[in-house]
Amino acid sequence: MNVLVTGGTGYIGSHTTVELINRGYTPILVDNLSNSREEVIQAIEKITGKGVTFFNIDLCNRSELKKFFEVYKIEATIHFAAFKAVGESVDFPLKYYRNNIQSLVNLLDLYNEFGLDNFVFSSSCSVYGQNDEQPVSESTPLGKAESPYAFTKQIGEKILSDSIRAYKFKGCSLRYFNPAGSHESALIGEYPLQAPTNLVPVITQTAIGKRKKMQVFGSDYNTPDGTCVRDYIHVMDIASAHVDAITRMAGGKVNQDMEIFNLGTGQGNTVLEVIKTFEKVTGQKLSYEMSPRRPGDVEKVYADTGLANSLLGWKALRNLEDIVKTAWDWEKKLSEANKSIA
Ligand code: NAD
Ligand code: WQD
């Protein structure tokens with residue numbers, strides 16, 4: 001079964017490609033390399049022992065994308081491609097609206113034109129905004145989007161559900177909580193062109209010496225140790241959920257317009273717990289300081305994963321220790337190879 005993986009050379013796309021191949025699917029990768037590198041293809045081939053088909057196409061370019069669909073018979077799509085830096089989206093909102101919305105509209109338009117089926121959309125826990133109800137479930141009302149990025153995910157879900165209803169194909173939206181960690185081989189990992197701002201890569205970059213010191217944003221939240229609570233989920237668990245979603249749709253087991261699933265562990269951890277776990281697992285002492293709150297941060301968010309557990313038959317198999325260990329292995333591999341993440 002041919003599965004189009006947009007954003008396939010990116011962080012989550014590359015890990016999902018490995019999982020698709022391991023479970024007998026044929027991924028076809030499309031990416032414009034705006035935040036990833038082509039060398040990830042060789043790494044995926046090394047892990048899986050299989051050749052990978054890749055096209056450098058900008059999804060905002062409808063005519064290029066159309067040529068692709070004229071040649072390849074696509075039986076499912078996982079749409080990862082998007083810009084994802086929350087802070088940048090505040091400074092450059094139109095860059096985000098143009099890229100994230102236009103690429104989705106082009107894809108869905110061509111889905112309709114070519115009569116295609118089975119579509120998975122990368123959404124995010126950021127659609128919940130500031131929410132007092134924890135854990136959040138798929139039926140929790142969405143909060144106000146805290147950034148243009150988060151709004152592209154809210155609008156993206158609406159565009160997809162309207163399209164599914166009108167054009168009669170199957171689709172689902174997967175809301176990731178905080179993906180982190182790397183493939184166990186340390187051959188692929190988070191390797192963006194832009195400097196990462198997420199907690200786990202900031203920790204590993206600090207420990208390896210790429211950053212002198214890291215900051216813990218906020219110590220006066222209403223949480224066990226005053227720092228924010230998040231649901232950190234291993235990227236390979238996220239990857240396997242995508243294959244489960246494709247398998248469910250292809251098996252015809254979808255009986256509503258657009259299904260939505262939270263992808264988290266169901267457990268919240270504070271920033272200091274992540275740091276302490278990293279220090280314990282790796283033996284590295286981390287240089288950090290307590291700093292003021294980061295604007296836009298929510299106090300706590302973690303997932304009710306009941307729906308994904310029951311309908312997708314999926315649950316996270318890896319824990320926070322696995323996350324920090326694999327992230328650290330990857331950081332060391334990058335450093336040995338004398339590469340630097342942006
Ligand atoms: P990433 O930046 O590593 O991967 C995205 C890929 O999409 C990149 O390789 C980039 O080059 C490509 N891309 C962007 N715009 C494109 C375009 N117009 N045409 C073709 N390719 C394009 O990001 P990621 O962490 O792998 O995220 C994948 C998806 O998951 C995104 O939609 C993101 O919003 C979503 N998501 C990520 C997280 C996270 O913390 N990583 C959390 C929730 C949701
Ligand atoms: C986690 C915690 C920070 C860096 C973002 C997006 C969300 C989703 C996941 C895409 C927070 C703290 C961080 C640092 C710190 N992505 N932190 N020092 O903000 O929960 O979510 O990524 O969809 O939409 O908003 O993730 O990893 O940036 O932060 O103290 O140097 O770590 O304040 O409490 P976040 P994060």
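**Two ligands and their surroundings**

Trainee: Which side-chain atom sits by an oxygen of ligand 2 at N198, and how far off?
Mentor: In this predicted model, a polar side-chain atom of N198 is 3.1 Å from an oxygen atom of ligand 2.

Trainee: How far is an oxygen of ligand 2 from the side chains of R230 and D297?
Mentor: For R230, a side-chain N or O atom is 2.5 Å from an oxygen atom of ligand 2. For D297 the corresponding distance is 2.6 Å. The protein covers 88% of the 680 Å² of accessible area that ligand 2 has on its own.

Trainee: Which residues come nearest to ligand 2?
Mentor: Y149, L199, Q215, R230 and D297, out of 19 residues around ligand 2. By class, that shell has ten nonpolar, six polar and three charged residues.

Trainee: And which element gives the largest share of the shell?
Mentor: β8, with three residues. Both α7 (199-208) and β8 (214-217) supply at least two.

Trainee: Switching to ligand 1. What does D58 do there?
Mentor: An N or O atom in the D58 side chain lies 3.0 Å from a nitrogen atom of ligand 1. Ligand 1 taken alone exposes 820 Å², and the protein buries 96% of that.

Trainee: What about backbone atoms, say at I12 and G10?
Mentor: A backbone N or O atom of I12 is 2.8 Å from an oxygen atom of ligand 1. At G10, a polar backbone atom is 3.4 Å from an oxygen atom of ligand 1.

Trainee: Which residues come nearest to ligand 1?
Mentor: Of 26 around ligand 1, they are D31, S36, F80, K84 and Y149. The strand β5 gives the most to this shell, three residues.

Technical notes: Residues are numbered from 1 along each chain as its sequence is written. Chains are lettered from A and ligands numbered from 1 in the order in which they are written. This is a predicted model: local features need pLDDT of at least 70, side-chain atom pairs count only at pLDDT 80 or more; totals for chains, interfaces and linings use all residues. Side-chain values use heavy atoms; hydrogens and water are left out. A residue is near a molecule or strand if one of its heavy atoms lies within 4 Å of it. A polar contact is a pair of N or O atoms within 3.5 Å; within protein, one must be able to donate a hydrogen and the other to accept it, and residues adjacent in sequence count only if both atoms are side-chain atoms. Accessible areas come from the Shrake-Rupley method with a 1.4 Å probe; for residues, only the protein chains shown count as cover. Helices (H or I, at least four residues) and strands (E, at least two) are DSSP runs, numbered from the N terminus. Ala, Val, Leu, Ile, Met, Phe, Trp, Tyr, Cys and Pro count as nonpolar, Asp, Glu, Lys and Arg as charged, and the others, Gly among them, as polar.
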